[in-house]
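Here is a short report on one protein model. Look at the structure first, then read on.

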Amino acid sequence: MEEAFFRTHSYLVEHLFAGVRRGLMDEIDWNDRLIGIKGSRGVGKTTFLLQYAKEHFDSHDRRCLYVNMNNFYFQGHSISEFASDFVSNGGKVLLIDQIFKQPDWVRELRECYDRYPDLKIIFTGSSVNHFKEIPEFRGIVKSYNLRGFSLREYINLESGNNFRKYSLDEIVNNYAQITKDVLPKVSPNKYLDGYLHHGFYPFFLENRNFSENLLKTMNMMTEVDILLIKQIELKYLSKIKKLFYLLAVNGPKAPNISVLAEEIETSRATVMNYINYLSDARLINIMYPVGQKFPKKPGKVVMHNPNLMYAVYPVQADMQDVMETCFINMLWKDHKVNLGTKEHYFTVDEKYNFRVIDAHSTKKIRNSSDVLYVRYNTEVGTDNKIPIWMFGFLY
């Protein structure tokens with residue numbers, strides 16, 4: 001059977017089209033023996049594993065093997081049993097996709113770690129898996145989060161450029177130099193609309209209807225990532241989906257937990273749990289003022305990224321809401337984003353105060369020296385005003 005896996009591995013690596021090299025590839029310490037790659041459905045975890053294989057091994061090198069737990073072979077064979085055969089034949093690196101599909105995967109991975117000291121296992125799981133909180137993995141697993149494309153990755157892919165990422169401090173303190181580095185080569189705003197609509201999920205590269213594909217992916221997020229992994233009964237699926245829809249169409253604001261509980265016919269406590277699950281699945285981001293966190297009622301619920309907004313309620317998508325959602329998502333990977341003291345204000349890392357504004361707005365805005373204004377409908381900054389596209393270069 002292993003022979004069939006090697007054939008599949010070689011075929012997938014040889015026919016891989018990654019489009020753009022993901023920044024996470026350089027953030028991981030590949031010397032670790034047990035590496036978990038988390039991420040929401042559709043962000044490219046399978047491609048990421050195959051990209052690793054392509055960079056480090058020849059496609060026919062039998063020291064590296066990709067396997068997917070969807071394969072029915074694993075209904076009759078354990079991961080540790082498979083790993084034993086692989087190691088005895090000289091295997092060194094096992095890439096395991098969708099690890100959570102195997103019922104006893106935690107015990108089996110721990111067994112592999114203990115029994116095969118020369119074997120490296122790199123595995124993918126859902127964004128709702130909390131690898132670091134699993135007692136058997138304490139101190140031995142290194143967990144990383146693969147996100148959808150950043151605006152930088154999307155622009156690099158679409159324009160053929162290779163722009164580097166910038167830290168938040170670089171953007172805040174040195175945006176003029178970044179402008180000089182980027183604008184002569186590309187117009188970021190030319191790509192921003194496409195990114196907001198479909199650029200976060202790499203499957204826009206596939207020759208299929210993007211919106212239909214994203215809707216299927218969103219359904220899988222609730223049906224598999226929430227129901228299966230959180231072990232929730234199927235009869236509650238419609239409640240979770242309805243809650244997500246209500247949160248989406250209500251727009252970015254503080255949810256009324258009592259009204260939502262009435263709408264989906266469940267308790268307030270259950271609504272709060274479902275909101276947390278939707279956040280884990282990367283369907284929504286739940287936001288709090290500084291100093292507050294779950295299980296307190298969120299100060300605001302926003303969609304995880306603008307692509308989801310256009311998929312759920314394209315007609316209603318308000319540009320200010322889209323841009324605020326985009327800004328929050330751009331910072332979500334490595335920064336702590338809290339609600340600011342006023343509407344449309346955000347506090348980042350308890351250090352910076354931001355406000356997202358339309359550069360073309362005729363509404364008079366009183367400039368405040370302790371606020372950084374994130375402006376859309378412009379490509380250049382001035383004083384304490386920074387164009388929104390620049391935050392898309394954070395990863």
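## Pairing in a sheet

Two strands count as paired if DSSP finds at least two bridges between them. Keep that rule in mind. The model is predicted. In it, 5 strands form an open sheet in the order 8-9-10-11-12, and the pairing is mixed. Strand 8 (337-339) and strand 12 (385-387) stand at the edges. Each has a single partner strand, so one side of each lacks a neighbour in the sheet. On average, neighbouring strands are turned by 35° against each other, direction ignored.

Now zoom in on one pair. Strand 8 pairs with strand 9 (residues 345-348) in the antiparallel sense, over 3 bridges. Valine 337 has valine 348, in strand 9, as its bridge partner.

## Helices on the sheet

Which strands does helix 6 (residues 168-182) touch? Helix 6 packs on the sheet against strand 9, strand 10 (352-358), strand 11 (372-376) and strand 12. Its direction makes about 65° with that of strand 10.

Helix 13 (residues 319-332) also packs on the sheet. It touches strands 8, 9, 10 and 11. Its direction makes about 145° with that of strand 10.

## Helix 3 and its buried face

Turn to helix 3 (residues 79-88). Ile79, Ser80, Phe82, Ala83 and Phe86 are buried there. Seen down the helix axis, these buried residues fall within an arc of 155°, so they line one face of helix 3. An α-helix has 3.6 residues a turn, so residues three or four places apart point the same way.

What do the buried residues of helix 3 pack against? Their partners are helix 1 (2-14), strand 2 (64-68), strand 3 (93-97) and helix 4 (105-115). Just after helix 3, glycine 90 takes a positive phi of about 95°.

Terms used. Residues are numbered from 1 along each chain as its sequence is written. This is a predicted model: local features need pLDDT of at least 70, side-chain atom pairs count only at pLDDT 80 or more; totals for chains, interfaces and linings use all residues. Side-chain values use heavy atoms; hydrogens and water are left out. Buried means under 20% relative accessible area, exposed over 50%, partly exposed in between (1.4 Å probe, protein chains only). Helices (H or I, at least four residues) and strands (E, at least two) are DSSP runs, numbered from the N terminus. The arc is that of the directions from the helix axis to the C-beta atoms. Contact means heavy atoms within 4.5 Å. Axes are lines fitted to C-alpha atoms, for helices over the stretch in contact, and angles run from 0 to 180 degrees between N-to-C directions.
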